[in-house]
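Please keep the sequence and the model in view while reading.

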Amino acid sequence: MHSICFQATGVPGSNYIFDSCSPALAISKPINLRFCGLRKEAFGFSGLTHSSSGRVRFSSRGHSKKVSASAESNGSPPKSFDYDLIIIGAGVGGHGAALHAVEKGLKTAIIEGDVVGGTCVNRGCVPSKALLAVSGKMRELQSEHHMKALGLQVSAAGYDRQGVADHANNLALKIRSNLTNSMKALGVDILTGVGTIVGPQKVKYGKVGFPDNIVTAKNIIIATGSVPFVPKGIEVDGKTVITSDHALKLESVPDWIAIVGSGYIGLEFSDVYTALGSEVTFIEALDQLMPGFDPEIGKLAQRVLINPRKIDYHTGVFATKITPAKDGKPVIIELIDAKTKEPKDTLEVDSALIATGRAPFTNGLGLENVNVVTQRGFVPVDERMRVIDTNGNLVPHLYCIGDANGKMMLAHAASAQGISVVEQVTGRDHVLNHLSIPAACFTHPEISMVGLTEPQAREKAQKEGFEVGVAKTSFKANTKALAENEGEGLAKLIYRPDSGEILGVHIFGLHAADLIHEASNAIALGTRIQDIKFAVHAHPTLSEVLDELFKSAKVKAAASSHGPVSEPVAV
Amino acid sequence: MPALSSTMIEGKIVSWVKSEGDVLSKGESVVVVESDKADMDVETFYDGILAAIVVGEGETAPVGAAIGILAETEDEIAEAKAKAASKSGASTPSAPPPAPAPAAAATPAPPKSTPAPAAPTVAEGPRKTVATPYAKKLAKQHKVDIESVVGTGPYGRITPEDIEAAAGLSPSKKNVGLAVVVETKPAAPAKAPAASAAPSSLPPPVPGSTVVPFTAMQAAVSKNMVESLSVPTFRVGYPVTTDALDALYEKVKPKGVTMTALLAKAAAMALAQHPVVNSSCKDGKSFTYNSNINIAVAVAINGGLITPVLQDADKLDLYLLSQKWKELVEKARAKQLQPQEYNSGTFTLSNLGMFGVDRFDAILPPGQGAIMAVGASKPTVVADADGFFSVKNKMLVNVTADHRIIYGADLAAFLQTFSKIVENPESLTL
């Protein structure tokens, strides 16, 4: 849920021409199999190859502008369906799939039981980034010492809570209407109501209190997303004990808030609250704060984002019971040791935010009608997002993308998975390489990553028998970062010295969330360090941090003999 | 906490390389400290066992503060740990650990059974101490025992302001800034007047004046000067005839010898004969005799003052000393002095003669026994015992010393020796 959100600002007209050289298509292999991001060596290619000079080739099979479905592979006559594709859930995943489906000429419907945009637009990425933008500016303005170093004086920066909340809310509404309009404009039918699968290729939907409608579709994608997970024993009252859904409305700024969970949701909220003047206490079940990050980045992040701020923490503990504030008493949190389960401490705070992860929203989907059983709520799928039933067989024509399948709970992963599914149903096999999907945490400074962490890479290296190389650069060496007086930061590259393959990149620093894409693109396209280090970066920009990183890697393999991707253009 | 740069006044511990109980040998990296430029590995100069860590990872401490205690033998570890606990003050509450647990369990009960007391009461006896995260950080930083602070925040919790009041600090400006929110919180108006009350005790600024805050170096100097107020000092002056020294200077000047080097060497040689003047009083109850004679010489660099140290000044010959001095001055100007090179002084020399100053009193730097202030050498009319006049170059030397260890007679004797060396300077060139 924390990523650069998929934003559509309105595609003009409904006659979306299917262009053979559209940049929306990626490079394809002559064997009609597109594996995004796997090394070319897997296909016997030595480096990037193109059959023609720079122009992208695509496979000509399987694309049709016709509304009716193409012939089934098993030879049975095509039934007539109401739609080629029905998507249950109009969140980011569903929206991404819908847009791509229309581009491929599929007649598409999307069912939404609540608000278009789902979590990301209404209760996630969008409002949280609005709040983080405010907190970033607030932090800068209040950092007298930072301002003074630049020669600036700012007197008493303050904020109006309602104004901040309105900014987040208005943004969510705006993006929601953009999404709705973009789908309407493309001719996607937006069906309102809760969608349920009643049988193979058949869905019913309807609003509560109204009769249900039944629609049929050749393929169905489940994209129902997730909701904040609240562990047992925690009583949420929406005012003093809240989840991210409530927090993003910013109805109040407590003096002291306890945040249960120190993953990126908890971390981002600590950034917002401390910038607005609150004090924060983290409650983390594992022994390390920020367990999901590369440990070196996590340590640096702790030094910069936690230690100097008005934040303390308790690790290795569970919050077994949280009682909302009432009768003049504060919120009471009872902590037990995570391993021994012995009572450890009791906290008294003004507010508690539950950020212990998200649970899939799959109840009432009617999965039992197609013999599918969820695992801890998640819909089981294979690497192609195809749903698997209780017997381990693939359910034909049924896919599940996004948070509901639990593979990678990020907005852009959901839409990438959606696009992958649409590719498959329009005749081109596609397997999404999740290692090429970046993730970001929008604290100040930002944290971003793609690929493996150092421990994961070393584990893989030991199993497969290769060496791991690690290169690091500091933002202190970057002119632009120093000009902004934001030299605090680190970029880390984990790679294979024998082949030049990038295994993972982690960045902590100004604009890390934007900078990571050079690395994620490289991983997706299989670009190797010895080739990418010749790419030129504008000076002075923050991207030179990555340039330094690539240049400092010690790769033993030679640069690819085919040179850069496109032919040199004389300027 | 080592000073990793000349501008550093406090440092942050990045990580402890060694843990409590580890055996350390001289030269091993013990801890990683963050300076304003980079993270540096800090080595130990002594063998021993890391008995206790006083400042933990992520915490800050001022330069010179103890960050860890090294025990020479295993037996001393317990003693070292106790020392560490007493230094950090707040961490080990006097009440045994089981006490807070039943107290916590008891707290939900009393509010129900006693209807009378209002909710935001001041912390009462058996009640668990609740302190906000920032309050805890401040308590550790300012060595305030958090258990002894009375909480005035909501529900009786200890707020950062309570800690600041306990530590005797004026409330930080931050509170005033955030109180300027459009939405009125009940606590905010109360905080604002309290915060503004503190600065009003200072005299109003003279119109037309500008306020320039201290740089790190200036703050360090100011801190040292204020610290010196706690040392009982006295001053002894002595007129030294420098004709012979001046003649020698003319001779050795072309070889790169400076007056500073000559005076430093003379002082060092005198100190060799009067070790008590080279000692210092570190704890108020003992003499710390230094085995080396390291003469720190005060140098003014733009905007600041630094004292590069000529180590073993008595052992090096004049030419070597001058060369070293030149290197040190260059490094000082480039702000590249290593901590060893400016905080290892055992005696300080300060010379304002180049301005024409005839005599002045220097302030004793903390950690040293004496400082010598040297004026200009001026031709002076002197009368001898027989009533004959002559003109001699006289330089007024004034030494400030710590009377806990150096007594009047010691200092006078030292000055007499110094004067003899300066008046017979052939020994300087040996």
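The text below takes the interface and then the helix pair.

This is a predicted model, in which local features need pLDDT of at least 70 and side-chain atom pairs count only at pLDDT 80 or more, while totals for chains, interfaces and linings use all residues. Residues are numbered from 1 along each chain as its sequence is written, and side-chain values use heavy atoms, with hydrogens and water left out.

In chain B, 31 residues are in contact with 34 residues of chain A, where contact means heavy atoms within 4.5 Å. The area buried between the two chains is about 2,700 Å², and carbon and sulfur atoms give 50% of it; buried area is the accessible area (1.4 Å probe) that two parts lose on being put together, summed over both. Two salt bridges are found across this interface, each defined as a side-chain nitrogen of Lys or Arg within 4 Å of a carboxyl oxygen of Asp or Glu. In one salt bridge, Arg157(B) pairs with Asp350(A), their closest N and O atoms being 2.7 Å apart.

The side of chain B that touches chain A divides by residue class as follows.

| Class | Residues of chain B |
|---|---|
| Nonpolar | 14 residues |
| Polar | four residues |

Within chain A, residues of helix 3 including Val126(A) and Leu131(A) meet residues of helix 5 including His167(A) and Leu171(A); helices are DSSP runs (H or I, at least four residues), numbered from the N terminus. By class, this helix contact has 10 nonpolar, one polar and no charged residues.

Notes. Chains lettered and ligands numbered in written order. Nonpolar A, V, L, I, M, F, W, Y, C, P; charged D, E, K, R; others polar. Helix = DSSP H or I, 4+ residues; strand = E, 2+ residues; numbered from the N terminus.
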